[in-house]
Amino acid sequence: MSAAERLEHAERLDGAAAVAETLVRRVLPPGARSDVLHGVPLGQPAHPALAGLPLGFWTSAAVLDLVPGSARASRALIALGLAAVVPAAAAGWVDWSELHREQQRVGLVHAASGACASVLFAGSLLARMTGRTASGRALTLGGLAAATAGGFLGRHLAFPMGAGASHAEPVTHLAPLGWHNLCKVSDLPQGRPVSRRLGYLTLVVVRHRGEICVLDDQCAHLGGPLHQGELVTSADGSPCLVCPWHGSTFRLADGSVMRGPATARQPAFEVRVTAERTVQVRPRNAGQD
Ligand code: FES
């Protein structure tokens, strides 16, 4: 088992995680501000892109340390990196607060590595500004090492642990093309989401105000069961479904994200009703038969 995998099971981190989660929710409660930090307007998580900025500035500063006459530029790059850490950390914490416990354990050490890197770079800047250039350069290398360790854990979170990736994306490849019988209209309750199977897929079906809407049932955020979610109406009057796990809200008509933490659109299906009152579906954007 790798060190990162061992962190997933480090229960001794749970106390600190619970305190940090309470703090994050108090400072950045779910809403418009946290949605921007999640990356909802971008359609992808904002934290990875924001985290690349300080790392880029700091790596450049370390490289410039090898170039004579670049002391001023190195200082400027380190200062820019320290400024860029603020939005990157805010986005990271708000994402972290909506993760599973195992992901939070890894995320906590990832954040601690980032904080350690920031302190070392702040020390480096201070040392350089007070004429202790050699110490400043040494602290820069230490900071880069901490940031690299943090980056490794960030990738472990993003790839093996699937934090940030869409958990609904495979539906595009599993849903057969063309129209398929799903269920009878008479089997669908009014105004209550239910699940129905289509081959390997579980779909959530909502019959509401004379319309039938169908989305993939597995929430794009972390795979929560949308058929157990709540039906709500958004500010613009659109019927939406709220995920029971972390509250991501998707427009029923097309699966677009109305509220995070999900950032990716929930796969939606086109629906038609035959003369025999059978509900048929096909993946949205599929070609016409
Ligand atoms: S699984 Fe997190 S909001 Fe749905």
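User: Before we get to the sheet, when do two strands count as paired?
Analyst: Two strands pair if DSSP finds at least two bridges between them. Keep in mind that this is a predicted model.

User: Thanks! In what order do the four strands of the open sheet come?
Analyst: The order is β5-β6-β7-β8, and the pairing is antiparallel.

User: Which strands stand at the edges?
Analyst: Those are β5 (230–233) and β8 (257–259). Each has a single partner strand, so one side of each is left without a neighbour in the sheet.

User: And by how many degrees are neighbouring strands turned against each other?
Analyst: On average by 35 degrees, with direction ignored.

User: Over how many bridges do β7 and β8 pair?
Analyst: Strand β7, residues 249–251, pairs with β8 over two bridges, in the antiparallel sense. As for F250, its bridge partner in β8 is V257.

User: New topic: where is V185 found?
Analyst: V185 lies in the loop between β1 (180–184) and β2 (194–198).

User: Is V185 buried or exposed, and why?
Analyst: V185 counts as buried because its relative accessible area is 5%, and buried means under 20%.

User: What does V185 touch?
Analyst: Leaving aside residues up to four places away in sequence, V185 touches R207, I212, V273, R277 and V279.

User: What about D65, where is its place?
Analyst: D65 sits in the loop between α4 (47–64) and α5 (71–96). D65 is buried too, with a relative accessible area of 12%.

User: Which residues does D65 touch?
Analyst: Not counting residues up to four places away in sequence, D65 touches S74, R128, R137 and T140.

Definitions and conventions: Residues numbered from 1 in each chain as written. Predicted model: local features only at pLDDT ≥ 70, side-chain atom pairs only at ≥ 80, totals over all residues. Heavy atoms only, no water. Buried < 20%, exposed > 50% of the residue type's maximum accessible area, 1.4 Å probe, protein only. Contact = heavy atoms within 4.5 Å. Axes fitted to C-alpha atoms, helices over the stretch in contact; angles between N-to-C directions.
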